[in-house]
Amino acid sequence: MGRREPCHRNSNHGDSTDSRAASDNHCRITWRDTLTMDLSQVELKKTVNLPKTDFGMKANLAQLEPKLLEKWRASGLYQKIRQSSAGRPRYVLHDGPPYANGNIHLGHVFNKTLKDFIVKSKTMSGFDSPYVPGWDCHGLPIEIKVDAELGSKKAQMTPAQIRKACRAYAQKYVDLQKKDFMRLGVFGDWDHPYLTMDARYQSVIAHAFVDFLDQGYVYKGLKPVHWCMRCRTALAEAEVEYENHSSPSIWVRFPLTSDAGALDAALAGRNVYGLIWTTTPWTIPANMAIAYHPKFEYSAVESNGPGSDVYLVATDLVQATKETCGWESSEELARFAGRKLEGAVFRHPFIERDSGGILADHVTLEQGTGAVHTAPGHGQEDYVVGVQYGLDVYCPVDVDGRLYHTENAVGRLPETLVGKTVWEANPLVIELLRERGALLAEKKIDHSYPHCWRCHRPTIFRGTEQWFIGMDRNGLREKALAAIRRIKWMPAWGEDRIYNMIASRPDWCISRQRMWGVPIVVFTCTGCNRMLTEKALLDHVVDQFMTGTADVWYEKTAKELLPEGTSCAHCNGAEFTKEKDILDVWFDSGSSHLAVLNEEFGLEWPAELYLEGGDQYRGWFHSSLLVAVGLKGDAPYRECATNGWTLDGEGKAMSKSIGNVVEPDKIIKQHGAELLRLWVTSVEFHEDVRISDTILTRLTEAYRKLRNTLRYTLGNLHDFDPVYDMVPAGEMLEIDQWILTRAGQLVERCRAWYGEFAFHRVYQALYNFATTDLSAIYFDVLKDRLYTAAPNARARRSAQTAMYRIHLALVRLMAPLLTFTCEEAWQHTRRPAGSPESVHLTLFPDPEELTAGLSAEHRARAANWEQLMELRETVLKSLEVARQEKFIGAPLEARLVLRAGSDVAPLLHQYGGDLAALFIVSEVALESQPAAGLSVRVERAGGVKCERCWKYTRDTGANPRLPTVCQACAEAVVEMLAGQTA
RNA sequence: GCUACCGUAGCUCAAUGGUAGAGCAGCCGACCGAUAAUCGGCCGAUGAAAGUUCGACUCUUUCCGGGAGCACCA
């Protein structure tokens with residue numbers, strides 16, 4: 001490393017700040033001048049090497065970020081990252097598709113930013129980590145919105161036209177959301193995202209269904225749904241509005257036909273009845289069971305004195321029932337837990353059918369008798385418990401809400417009811433019950449009841465045919481549970497959560513009576529009413545989706561869709577009808593691993609990681625798992641992580657009605673996306689997280705600190721060229737070696753935390769390092785050396801070398817988090833030759849980069865400095881006392897006299913020469929007289945204050961040509977002036 | 001109602017069952033060569049109550065508060 005010519009050599013390291021201006025001030029002075037000139041005329045202030053950089057203190061992120069985004073786009077940065085990562089080990093985070101409806105909210109920001117942290121940190125850890133974003137485009141919410149937009153026009157439109165309108169609507173929001181996601185600085189293949197409505201994706205979905213069907217998972221069954229008999233349609237939960245409604249409520253008795261003595265000896269030989277209460281008399285014909293709560297207590301009571309009829313009523317409701325039914329007495333003959341009634345047999349009051357005693361947890365004691373009339377064809381809970389007990393989903397009500405004789409019914413519907421609507425049937429049923437002596441009481445009741453959102457008529461629950469995937473077919477449930485055990489869940493409780501869900505969930509109802517989605521590809525033979533389910537035929541149809549989208553199902557006839565000459569295997573008929581239902585949207589998004597983790601996207605199955613909000617245990621994690629286990633035999637992800645909910649500052653959920661919604665757009669406009677990223681960085685993301693003005697203010701300050709840290713290193717490196725100025729680590733000052741070992745530890749810890757996705761720990765560590773290790777200690781101590789030593793002095797170059805290493809490490813270590821700021825800093829950094837144009841093309845620093853060149857002995861000496869730092873705290877406290885007493889102002893006004901015990905005295909003596917600098921005082925004296933621990937005496941510094949370095953020295957004025965300056969400064973100034981012309 | 005989750009200082013985070021630590025904020029001060037910066041000092045907490053234990057932020061139970069999913073109002 002030779003002598004150089006700072007004035008004339010140009011930097012060839014990119015567009016980094018130059019730098020030479022501070023020196024330029026002196027370029028006009030010649031060497032000859034320094035020998036003769038009156039040095040007292042030199043402006044001393046200009047001989048101080050202050051930091052200098054174009055990297056602004058103010059970020060102006062709102063303006064800067066769009067510029068960087070455009071630069072990245074124009075330079076094809078994402079593609080460059082792909083190229084430079086090619087061949088490295090793969091790490092694929094598969095994106096869960098947000099729903100293409102509405103603007104993005106903070107929850108989206110949270111999730112997408114976390115994904116970006118993972119992808120970027122994996123990339124910088126040496127993985128090839130592509131990111132293909134996607135959107136969920138089908139489904140009811142979009143269809144409803146489009147319905148509303150179309151209004152009355154919809155009636156004249158074909159299904160294919162309506163679907164086109166839905167597609168346009170979804171595309172609009174895909175584009176909108178895409179813009180917002182990109183604005184966050186999330187890197188990904190935004191030009192080629194996956195959409196569930198893509199022709200190719202739709203064909204994957206339909207093929208997946210056909211495969212499920214072909215492998216025997218799928219069956220058609222009955223399930224009660226909300227039904228509007230005026231609109232003659234099933235309604236989704238979102239299409240139901242609850243309004244007040246007046247219903248007849250009735251108390252009905254069912255004679256016990258099984259052995260009463262088995263319940264309790266006291267009941268042997270008595271006339272015992274089950275007693276139910278209902279507000280829907282028309283469902284009595286469909287009664288299949290009476291449900292009791294297993295844990296409630298039930299009483300068998302005599303209603304009218306000794307020897308009269310006995311009723312089984314929940315003990316807590318005996319009194320109320322007695323009053324309602326007008327009983328004269330309620331003598332309790334026996335009392336037992338509800339679980340004893342399981343298996344009891346009752347007789348339907350007017351149909352030739354038994355009604356069994358069953359147990360159900362949904363039974364309550366709020367109203368009625370504690371015994372619930374159970375009609376699986378007419379109620380959700382009745383259905384669920386009915387499935388458990390193997391009850392028929394009996395629904396003798398047609399699409400118009402009229403009762404009719406169904407096939408294979410047990411017991412015959414009374415003819416008086418047949419053909420009547422359920423509302424007409426209510427009084428008739430009541431009359432029938434009264435005739436049979438089964439009606440004990442009747443009362444009007446006003447309650448909230450589901451109504452159709454369109455016609456506002458009351459709806460009913462009606463058992464309808466739906467398509468299901470059987471959880472216990474082919475061992476689907478068992479295989480899914482086994483797969484769950486093999487996945488790494490983060491946090492760990494996720495495993496139990498989804499395990500319990502899968503273990504207890506009912507069969508998957510995959511059909512929807514809707515238009516905007518992927519059709520269930522099945523045909524029915526009009527001749528014999530049998531279904532056409534042959535895989536080869538259905539595949540032929542689905543293949544047409546690949547080019548024409550699933551719209552072809554609606555645009556073509558069955559004949560056009562099916563291969564020519566297709567005929568029914570049973571009746572040889574050639575006429576078929578198309579299935580009308582579409583698939584559940586969860587089946588669509590649950591198939592994303594099939595549609596995306598393939599050659600088309602350059603990805604492999606399965607993914608390494610899924611990361612979504614906790615709601616997705618019931619959603620995408622769940623459906624993806626079932627589709628994958630069903631068709632591929634294993635889970636589509638090896639690891640599964642959850643992020644929490646975003647709440648307001650009080651920990652309350654955000655809602656429009658409360659008005660506590662925090663809009664990401666507003667924050668971005670005000671503070672920049674970087675601040676949102678920093679917020680995501682700062683919190684423990686597995687838990688619910690808060691955001692508020694207080695939090696944003698804190699983060700703004702933290703951001704400034706981190707930014708200023710980079711600014712300060714850049715500013716002090718303005719005249720440092722690593723090629724010429726680097727000091728070998730082994731020759732550096734010990735405190736410089738110390739900070740490098742600290743930085744090395746920081747890098748090591750942060751990299752481990754990145755590996756665990758513990759971004760908040762990275763943040764805390766970085767922030768603490770910046771505030772404490774650097775700003776409060778190292779930089780503060782360094783100022784004297786950096787500012788007052790001659791620019792090329794060995795001690796100053798030593799400090800700059802440490803700063804340079806640290807700067808290069810920090811800017812890369814933070815790049816996944818502060819994506820914009822680090823890129824900006826990278827452009828201002830005098831980078832090593834051959835380093836990439838973008839910080840996002842670099843790898844994380846290695847701890848060894850910080851400490852390279854330090855021997856074990858050097859590192860051991862760094863430990864001495866840890867001790868010295870502890871002593872420094874004690875010293876600072878003493879200085880503070882002196883300051884409070886107005887004895888000193890600036891610490892340089894002080895002279896310290898230290899006395900120490902035998903534990904630290906050797907250390908103090910060893911580093912005696914470094915202590916004044918470390919404590920930033922003018923002089924430190926050590927007294928040999930021992931003291932307990934460390935005793936600090938603060939005195940006024942002796943000597944005269946040097947105008948340049950502000951230290952009090954005894955040699956100030958020693959150089960007559962520079963009378964206001966200490967000897968060291970005088971030498972530095974002369975060297976500087978001389979250096980300009982060498 | 002059911003299932004799992006969360007609760008440490010004003011804020012964000014730490015603490016193998018073993019003395020509850022940071023940073024920021026706040027308050028007081030210093031500096032005026034990182035200046036819409038920088039430095040120092042001080043103040044401050046385990047949601048509540050029982051229990052297990054020599055010892056509990058940590059384990060158990062109950063309660064309170066918060067959020068999530070599911071189900072439901074016959």
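Ala, Val, Leu, Ile, Met, Phe, Trp, Tyr, Cys and Pro count here as nonpolar residues, Asp, Glu, Lys and Arg as charged ones, and the others, Gly among them, as polar. A residue is called near a molecule or strand if one of its heavy atoms lies within 4 Å of it, and by class the surface near RNA strand B has 21 nonpolar, 18 polar and 25 charged residues.

This is a predicted model, in which local features need pLDDT of at least 70 and side-chain atom pairs count only at pLDDT 80 or more, while totals for chains, interfaces and linings use all residues. Residues are numbered from 1 along each chain as its sequence is written, chains are lettered from A and ligands numbered from 1 in the order in which they are written, and side-chain values use heavy atoms, with hydrogens and water left out.

We can begin with the RNA. In total, 64 residues surround RNA strand B, and the closest of them are Thr 279, Val 372, Gln 380, His 760 and Ser 775. Of the atoms of RNA strand B that come within 4 Å of the protein, 78% belong to sugar and phosphate. Arg 711 places a polar side-chain atom 2.7 Å from a phosphate oxygen of RNA strand B, Glu 880 has a polar side-chain atom 3.0 Å from a base nitrogen, and a polar backbone atom of Gly 889 is 3.2 Å from a sugar or linking oxygen.

Helices (H or I, at least four residues) and strands (E, at least two) are DSSP runs, numbered from the N terminus. The elements that give two or more residues to the surface near RNA strand B are strand E6 (272–278) and the helices H10 (380–389), H13 (493–504), H23 (693–716), H26 (759–788) and H30 (856–884). The largest share of this surface, 13 residues, comes from H26.

Is Glu 302 buried or exposed? Buried means under 20% relative accessible area, exposed over 50%, and partly exposed in between, with a 1.4 Å probe and protein chains only; Glu 302 is buried because its relative accessible area is 6%. Its side chain is joined to that of Arg 270 by a polar contact of 2.5 Å, and a polar atom of the Glu 302 side chain also lies 3.1 Å from the backbone nitrogen of Gly 307. Contact, in the wider sense, means heavy atoms within 4.5 Å, and, leaving aside neighbours within four places in sequence, the residues in contact with Glu 302 include Ser 308, Val 310, Ser 329 and Leu 333.

Charged side chains can also pair with each other. A salt bridge is a side-chain nitrogen of Lys or Arg within 4 Å of a carboxyl oxygen of Asp or Glu, and by this rule the count comes to 62 salt bridges. One of them joins Arg 90 and Glu 604, at 2.9 Å from N to O. This pair links distant parts of the chain, 514 residues apart, with Arg 90 in the loop between helix H4 (77–85) and helix H5 (106–124), and Glu 604 in the loop between helix H19 (592–596) and strand E23 (607–613). Arg 90 counts as partly exposed because its relative accessibility is 30%, and Glu 604 counts as partly exposed at 40%.

Another salt bridge is formed by Arg 895 and Glu 939, whose closest N and O atoms are 2.7 Å apart. Arg 895 is in strand E27 (residues 894–900) and Glu 939 in strand E29 (residues 934–940), 44 residues apart. Salt bridges that share partners join Arg 895, Arg 899, Glu 923, Glu 927, Arg 937, Glu 939 and Arg 954 into one network.

Finally, helix H11 (residues 422–435) has 14 residues and reaches 19 Å from its first C-alpha to its last, close to the 20 Å expected at 1.5 Å a residue, where the expected span is 1.5 Å times one less than the number of residues. Its buried residues are Val 422, Ala 425, Asn 426, Val 429, Ile 430, Leu 432 and Leu 433, and what covers them includes strand E5 (240–255), strand E14 (439–452) and strand E15 (460–469). Just after H11, Gly 437 takes a positive phi of about 70°.

Notes. A polar contact is a pair of N or O atoms within 3.5 Å; within protein, one must be able to donate a hydrogen and the other to accept it, and residues adjacent in sequence count only if both atoms are side-chain atoms.
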